[in-house]
Amino acid sequence: MDRYLCLHGHFYQPPRENPWLEDIEIQDSAHPYHDWNQRITRECYGPNAASRVLDSSGRIVEIVDNYRDISFNFGPTLLSWMERKEPDVYHRILDADRASLEARGGHGNALAQVYNHIIMPLASPRDRETQVVWGIKDFERRFGRKPEGMWLAETAANTGSLEVLAAHGIKFTVLSPTQAMAVRPARRATDRPDGDPSSVGGWENVSGGHVDPSRPYLWRSPKGAELAIFFYDAPISRAVAFEGVLSNGDVFASRLMTGFSADRVGPQLMNIATDGESYGHHHRFGDMALAIALKRIRESGSARLTNYGEFLAKFPPTWEVKIHENSSWSCSHGVERWRSNCGCRLGGHGQWTQEWRTALRESLDTLGASLDVVYEKRAAKLLRDPWAARNDYIDVISNRTDENRQKFLQAHASCTLADVDEMDAWRLLEMQRQRLLMFTSCAWFFDEVSGLESTTVLTSAARAIQLAGVFPEGASLEPAFVAGLSLAKSNIPEIGNGAVVYERSVKPVAADLSRIAAHQAMKALWREEEDRGTLYCFDYSFLDRRTERAAGTALSMGRIRVRSQVTRESLDASYAVIHLGGHDFHCVLHASPDSALLRPVLDRLVDVFNTGSITEALSLLSQHFDPRVFELQDLLLEERRHILSAVIEDILGRFEGTYRMLVDENKKLMNYLLRASFPMPHAFRLALESVLGRDLHKSLTQFNLDETHTALLKRVHSDAKTFNVVLNWEGVGQLIQRRLESHMALLAQFPSTDLAHQCLALLSLADDLELSLSLWVTENSYFLVWKNSLRALVRSAPDKPGHCDYLKLAERLRLLI
């Protein structure tokens with residue numbers, strides 16, 4: 001067969017982690033999910049690892065792994081998050097690549113990616129080098145092999161970018177056809193290159209996307225570097241991304257086949273490349289359309305599924321190509337989208353401009369240069385080759401154990417480092433990591449400087465500034481940076497400019513060791529905490545603590561030690577927290593390893609507190625502790641919300657009796673008002689919302705499946721529906737879903753009719769409460785056990801007690817009976 005088909009998905013999310021915590025805090029815009037990574041994993045990355053193939057009745061016939069049949073790349077920072085938060089999906093992706101190695105003659109489907117998606121032509125040669133090295137090393141650690149291909153962010157390319165790929169053994173990359181400038185039949189490397197690519201020496205001008213995408217091309221640099229380049233089919237890729245082709249798998253398959261031409265001689269590759277999020281996130285059920293299209297093409301034999309590495313090995317380039325310098329797939333002006341108001345944007349806001357892009361780029365470029373000065377001067381005293389050390393720092397990022405750190409230092413330290421020097425080395429290397437992250441391309445892609453992606457890179461910049469501030473050369477970088485940001489004008493008048501974004505959205509999330517210590521001290525006063533533990537990327541230990549409570553107030557004192565897992569910095573401090581009730585917290589620290597000096601003060605503080613003299617107690621704190629005061633707003637975001645929710649719940653609980661009495665004594669009247677079509681008085685509606693909301697809250701804290709509890713849930717649901725009261729059932733749905741998934745995981749391992757009955761009961765309860773559950777995990781588990789054993793068991797003895805529950809469960813989960 002001379003027809004080969006390769007579908008490439010570029011699966012990527014920008015680094016969303018708070019750089020001080022090394023984790024993603026809750027993102028409200030991703031509701032009902034915790035954050036955008038989780039949301040897109042549930043909508044796209046997970047479903048593509050277990051996509052449904054349905055029959056004409058909508059029943060699940062097969063569950064297939066699309067990653068085994070497509071070419072793909074995943075951003076390294078996304079895979080790092082997925083490894084921690086979604087390990088099942090993560091390992092399915094790795095398994096798919098291993099399976100493709102066997103199926104494709106040793107050529108895996110996975111491609112590497114430049115590390116954090118920077119626009120390579122706009123980066124310095126040194127940064128381009130690190131991006132490629134980190135991308136390759138990360139890929140090798142995860143996939144257990146060397147990458148053949150590498151995806152360039154936004155396919156942005158120039159000679160320098162392609163040369164660094166070739167220098168590190170990358171065999172090919174994928175570009176947009178609009179990036180090809182001229183082609184000709186391949187010549188020997190010893191042939192003298194022609195000067196004019198448009199005509200002289202047999203070069204054919206293919207600008208404007210007129211390159212033939214059915215073959216690979218050989219690119220040669222003036223320095224002699226060589227790299228194969230594939231150009232994807234633009235019209236069909238565009239149809240997948242923007243024209244609704246994924247609404248039907250059969251239509252998708254037919255559209256793919258139009259990419260072949262009977263006029264071409266010899267083997268031809270029909271290949272497309274899109275954002276992988278098209279398959280499920282941008283287009284709901286796009287993963288299923290992909291699964292159907294692959295199935296139809298594979299079964300019909302109309303084309304052979306392949307990947308780029310396999311096709312390149314079978315059919316090496318017979319044509320050469322020259323590309324347009326500084327070009328990309330998502331900006332018709334080259335790479336201007338990432339540094340100027342070129343006109344490329346998402347749209348939807350007619351009067352908005354993107355003049356802010358220039359100021360943001362210039363501010364970050366200036367800051368980056370200043371950070372490099374700090375790094376070169378300070379790291380030169382600690383590391384034999386600071387830039388080689390930066391390239392290898394990815395080995396520490398991926399594994400921060402003491403053993404791995406020592407291995408790194410043995411390779412790169414200029415001598416045996418004292419503890420303080422070792423901490424400086426980690427600070428400097430982490431500063432460089434954040435410096436690279438602050439150039440992630442998404443900051444410029446969207447339309448507004450105050451957007452989530454732009455704000456995220458500013459947090460990396462702020463973290464880099466903080467780390468540099470330890471050294472004299474970096475102590476005053478922030479004012480100049482903020483001044484530059486003030487020139488990045490926002491399209492939203494209330495925001496004004498990038499400096500306001502920095503002050504409002506970046507500075508409040510910044511953390512240092514003192515804030516972490518205060519957070520844990522306040523949190524421990526609110527609820528019981530272990531003496532030792534981990535908070536995000538910090539280890540903490542309470543060395544001593546004591547709590548006093550009186551008349552609705554509380555005092556907590558002790559010593560706490562916190563240590564960063566990233567830089568190894570630590571803080572040993574005495575603390576005191578006074579909680580005056582509600583949201584009123586007052587926490588102070590005294591940073592000293594010797595707490596004996598404070599002992600008399602703490603004893604006096606207890607005496608004063610127990611006499612009820614809060615004013616005198618606060619005076620003692622101001623006299624003997626550090627002047628910085630931490631309040632509730634200084635708690636990290638998610639714990640702050642937990643405490644505020646509890647405070648509000650406590651306040652509302654005080655009025656529960658009053659509201660409940662109002663409802664109980666007037667329930668008949670409320671029903672009569674409904675029948676009489678009389679508007680419900682506002683006070684009655686408030687009372688109903690409070691009482692039903694409290695009952696729903698109790699069900700969340702005491703969730704079980706006994707008759708009394710399910711009756712309460714059904715009664716609350718019925719009353720809410722009757723009186724048109726809107727309640728938040730999301731928590732109940734999540735509890736039912738988690739319980740269902742847990743039962744199903746057990747059933748898949750140890751089938752039992754009792755577990756099947758419990759699963760049916762949970763599904764029935766969800767139906768009664770009109771809850772929409774995500775059954776993806778549940779279906780995955782039951783499909784395998786049903787297909788492999790239970791279906792035959794039920795067919796062999798349909799009347800055996802309990803077997804009907806297996807059958808009902810299969811029917812409820814839409815499995816093929």
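Where is Ala475 found? I looked this residue up first, and Ala475 sits in the loop between α16 (452–468) and α17 (477–485), where helices (H or I, at least four residues) and strands (E, at least two) are DSSP runs numbered from the N terminus. I noted that the model is predicted, that local features need pLDDT of at least 70 and side-chain atom pairs pLDDT 80 or more, and that totals for chains, interfaces and linings use all residues. Residues are numbered from 1 along each chain as its sequence is written, and side-chain values use heavy atoms, leaving out hydrogens and water.

Ala475 counts as exposed because its relative accessibility is 54% (exposed is over 50%, buried under 20%, partly exposed in between, with a 1.4 Å probe and protein chains only). Leaving aside neighbours within four places in sequence, I found Ala475 in contact with Ala468 and Gly469 (contact means heavy atoms within 4.5 Å).

Next I turned to the sheet, which is open and mixed, with six strands in the order β7-β11-β10-β14-β8-β9 (two strands pair if DSSP finds at least two bridges between them). Its edge strands are β7 (172–175) and β9 (204–205), each pairing on one side only. Four bridges join β7 to β11 (residues 226–231), and these two run parallel; in this pair, Phe172 stands opposite Ala228.
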